[in-house]
Amino acid sequence: MLNDYVLTIISNIGMISLIALSAYLLLVTGQISFGQQAFFGISAYAGAIATTLWGWPFWLALIFGSGLAGLAAGLIGLLTLRISGMYFSIATLAFAEMIRLSLFKLTYQIEIDGELVGPNGAEGFGEIRWIFDHDISVMEYTLLIYGVLMLVLVGMVLLERSRLGMIFRMLGSDALLTRAQGLNPVRYKITAAVIAGFIAGLGGTLYAHSFTYIEPQIFNVMLGVHSLAYGLIGGLGTVLGPLIGVAIDIGFLESIRIFQGYRMIVFGGLVAVMLIFMPRGILDEARVYWIKAVARRWFNA
Amino acid sequence: MLELRSVSKVFGELSALHQVDLSIPPGRVSGLIGPNGSGKTTLVNIITGIYAPDTGKILFNGVDITGSTADQTTRFGIARTFQNIRIFSRMTVLENVLAALISLNDQSWRILRGYAKSADDPQLKIALKALETVELLNEAGVVAAELPLPLRRRLEIARAFVRDPELLVLDEPAGGMTPTETSTIASLIRERIAPGRTCLVIEHKMDLISDVCQHLCVLNHGEKIAEGSPGNVLEQPQVIEAYLGRD
């Protein structure tokens, strides 16, 4: 039987996969964002406030938190429209830090059962008790996380096969050429930013209710860097790429005792090696085409 | 068809185009030639909306399209290839051509539908027909980055004409090619692409220009120095001087 430690690692993989998918979607469109942790954080706070302080049902809080994250991502997308490349990356990092530092100033507490509950600046936000109040076991919550992840994965696979998904890949390949095909990149960059913000937001609300305590420091730049690295390690040719990246980092490096204390060194080295030898990850576009062709031949045979 | 009136463009201290008037007649292949730095690519970039002119007007079918963006000019019916080949290198050859057709559907919910998955999809048929025209049908499933240069040029041409544009702009379609490859691409343009279409070909290679163009315009130092039939234009002293220099 799976013990709670293993379940916690598995649920961690699920939640972090969502922010990795968020960063992946932007990478596909050619945008390197160091700021997806901000949308994860916005949704973590908003979703937790909705269930803990306002007594909203979890599903509504999840949609509210993620919707708010998507909206914030759209606004930041609008503000960063005219910049690209390194300047875009730095701008997303700056916005994310702005939001994280704002969370240090966020105090919104309500008295519940004689106790003040809610975000309290640097002290964070504890007492997010939805899973306890509803007697949800670790196993049940893990299943909930993977249910959401599966929905997102199915949605993203459908997106990749759609015309919109193709436009995202066109943008990632050559924005000017995409424009020359009669498409306005602005519209699609904003669309990608909103979807990516929403997906990161799903992870954020799930995270807050899983750990029952959040603080601004959790949503620091390292979370954003990791999210990006997952796609770059796993590959940008398929939606499964970032999941492979997360599994390698959290499922392997973090959970194997031999790497304890050295995880970041090994992970950083792995990213560097991958960028040199496989710049678009293990499952890059060429390998995905090859796998598809082999599968097709095998099927036909 | 396309008319440029007194179009000028300045980059810093450099006057790339100065008061250029140009008229592209419908149903014919027009050529735009000139030495390096004469302003040909700037002119093409202005026609296709990549740059906006500083002064002057661009009329397309009588409509003022001055200052339109690249996506708008494509929607108006102008499609182009690029001097430095631009392809969606990580997509297949077929996907590259389908990419040009996507904007025909991007104003509706159909943007969320799968693209060209069934054999009877009209867009798939159009794309395959375009690949057949440029003899790339056998390479449809190949990742575009793996194509050699002459086939990349063909892919660019297929992607440009698949939308059936009113004006097809080919920017150095034989750039980087050997004489044999140039002759092959010239035949392809003359026999399969140009008939019944309005084309503007920008090229250095005079054999290709003489082979495919019925109308010619010459630029030098950002100014138009000659216009007319190829036979007539290529014999004009100012054109010879622009290419060969003074004695």
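Q: Two strands pair if DSSP finds at least two bridges between them. In this predicted model, how many residues lie between strand 9 and strand 10 of chain B in their hairpin?
A: Strand 9 and strand 10 (residues 223-228) of chain B pair in the antiparallel sense over 5 bridges, and one of the bridges joins B:L216 to B:G228. In the turn of the hairpin, B:H221 has a positive phi of about 50 degrees. The number of residues between strand 9 and strand 10 of chain B is 2.

Q: In which sense do strand 3 and strand 9 of chain B pair, parallel or antiparallel?
A: Strands of a sheet pair through backbone hydrogen bonds, in one of two senses. Strand 3 (residues 29-33) and strand 9 (residues 215-220) of chain B share 4 bridges, and B:S30 has B:H215 as its bridge partner in strand 9 of chain B. The sense of this pairing is parallel.

Q: Which are the edge strands of the open sheet of chain B?
A: The sheet has 6 strands in the order 6-7-8-3-9-10, with mixed pairing, and its neighbouring strands are turned by 20 degrees against each other on average, direction ignored. At one end of that order, strand 6 of chain B pairs with strand 7 (residues 167-171) of chain B in the parallel sense over 3 bridges, with B:A79 and B:L168 as bridge partners. An edge strand pairs on one side only, and in chain B the edge strands are strand 6 (78-80) and strand 10.

Q: At about what angle does helix 1 of chain B run to strand 7 of chain B?
A: Helix 1 (residues 40-47) of chain B lies across strand 3, strand 6, strand 7, strand 8 (198-202) and strand 9 of chain B. Its angle to strand 7 of chain B is about 150 degrees.

Q: How far apart are the end C-alpha atoms of residues 228-252 of chain A?
A: The unreviewed UniProt entry lists residues 228-252 of chain A among its "transmembrane region" spans. The span is 80% helix and 0% strand. Its end C-alpha atoms are separated by 18 Å.

Q: Which helix of chain A gives the most to the side of chain A that touches chain B?
A: In all, 20 residues of chain A are in contact with 23 residues of chain B. Helix 7 (163-173), helix 8 (175-180) and helix 13 (285-300) of chain A each supply at least two residues of that side of chain A. With 7 residues, the helix of chain A that gives the most is helix 7.

Methods. Residues are numbered from 1 along each chain as its sequence is written. Chains are lettered from A and ligands numbered from 1 in the order in which they are written. This is a predicted model: local features need pLDDT of at least 70, side-chain atom pairs count only at pLDDT 80 or more; totals for chains, interfaces and linings use all residues. Two residues are in contact if their C-beta atoms, placed from the backbone, lie within 7 Å. UniProt positions are given in the numbering used here, feature names are shortened, and annotations may be inferred rather than shown by experiment. Axes are lines fitted to C-alpha atoms, for helices over the stretch in contact, and angles run from 0 to 180 degrees between N-to-C directions.
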